[in-house]
Amino acid sequence: MSIKVTAPTTVMLPSPEERPNASIVIYDGHCRFCRAGVERLHRLDPRGTLAFLSLHDPAVTHRWPDLSHDDLMQQMYVIDPQGGRHAGAESLRYQIGRAHV
């Protein structure tokens, strides 16, 4: 009997360019746990109110130079359409409210 091992599938997450009016979830795209969490959040966002950006993307440093790599590694951030910032547990509450999960 053989066991077939398959690589995990990855979901293409919508970018800020694809959803210019969405709140932007900044997450650790190198962390499998973090990636799984935002993929789940994406599935729970049928209205398309969220866009996603890995903290490792150079666009993050360009758009928000005051957010340090260390800060972003410690907690998830959400930037709302008005530029407001939500970090850590508060970002999760904000995301859930936006997605109407």
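Author: A nonpolar core is a set of buried Ala, Val, Leu, Ile, Met, Phe, Trp, Tyr and Cys residues joined through side-chain atoms within 4.5 Å, where buried means under 20% relative accessible area, exposed over 50%, and partly exposed in between (1.4 Å probe, protein chains only). The model is predicted, and local features need pLDDT of at least 70 and side-chain atom pairs pLDDT 80 or more, whereas totals for chains, interfaces and linings use all residues. Residues are numbered from 1 along each chain as its sequence is written, and side-chain values use heavy atoms, with hydrogens and water left out.

Reader: Which residues make up the largest nonpolar core?

Author: The largest nonpolar core has ten residues, namely Ile24, Ile26, Leu53, Leu55, Val60, Trp64, Leu67, Leu72, Tyr77 and Ile79. Strand E1 (23–27) and strand E3 (77–79) each supply at least two residues of this core, strands being DSSP runs of E with at least two residues and helices runs of H or I with at least four, numbered from the N terminus. Apart from this core lies another one of nine residues, among them Leu13, Tyr27, Leu50 and Val78.

Reader: What does Leu53 touch, beyond residues up to four places away in sequence?

Author: Taking contact as heavy atoms within 4.5 Å, Leu53 touches Pro16, Ile24, Val25, Ile26, Tyr27, Ala59, Val60 and Trp64.

Reader: Why does Phe52 count as buried?

Author: Phe52, which is found in strand E2 (residues 50–54), has 4% relative accessibility and therefore counts as buried. Leaving aside neighbours within four places in sequence, Phe52 is in contact with Leu13, Pro14, Ser15, Pro16, Val25, Tyr27, Val38, Leu41 and His42. The C-alpha atoms of Phe52 and Pro16 are 6.6 Å apart in space, although these residues are 36 apart in sequence.

Reader: How do you know that E2 is mostly covered?

Author: Five of the five residues of E2 are buried. Leu50, Phe52 and Ser54 point one way from the strand and Ala51 and Leu53 the other way, so that residues of either direction are counted, and all are buried in the sense of that cut-off.

Reader: Why does Ser23 count as buried, and what joins the side chains of Ser23 and Tyr94?

Author: Ser23, in strand E1, is at 0% relative accessibility and so counts as buried. The side chains of Ser23 and Tyr94 are joined by a polar contact of 2.7 Å, a term that stands for a pair of N or O atoms within 3.5 Å, of which, within protein, one must be able to donate a hydrogen and the other to accept it, residues adjacent in sequence counting only if both atoms are side-chain atoms.

Reader: What makes Cys34 partly exposed?

Author: Cys34, a residue of helix H1, has 24% relative accessibility and therefore counts as partly exposed. Its C-alpha atom is separated by 9.0 Å from that of Met76, 42 residues apart along the chain.

Reader: Which polar partners does the side chain of Arg35 have?

Author: Arg35 also lies in helix H1, and its side chain reaches the backbone oxygen of Val11 at 2.6 Å and makes a polar contact of 2.9 Å with the side chain of Glu39. With neighbours within four places in sequence left aside, Arg35 is in contact with Thr10, Val11, Leu13, Tyr27 and Asp28.

Reader: Why is the pairing of the sheet called mixed?

Author: Strands of a sheet pair through backbone hydrogen bonds, either parallel or antiparallel. Here the open sheet of four strands has the order E2-E1-E3-E4, with mixed pairing, and its edge strands are E2 and strand E4 (85–87), each pairing on one side only. Two strands pair if DSSP finds at least two bridges between them; E1 and E2 run parallel and are joined by five bridges, while E1 and E3 run antiparallel and are joined by three. Tyr27 stands opposite Ser54 in E2, and Ile26 opposite Tyr77 in E3.

Reader: How does helix H1 lie on the sheet?

Author: Helix H1 (residues 32–43) packs on the sheet, touching E1 and E2, and its direction makes about 165° with that of E2; such angles run from 0 to 180 degrees between N-to-C directions, with axes fitted to C-alpha atoms, for helices over the stretch in contact.

Reader: What does the secondary structure of the chain come to?

Author: The chain has four helices and four strands, following the pattern β-α-β-α-α-β-β-α along the sequence. Of its 101 residues, 38% count as buried.
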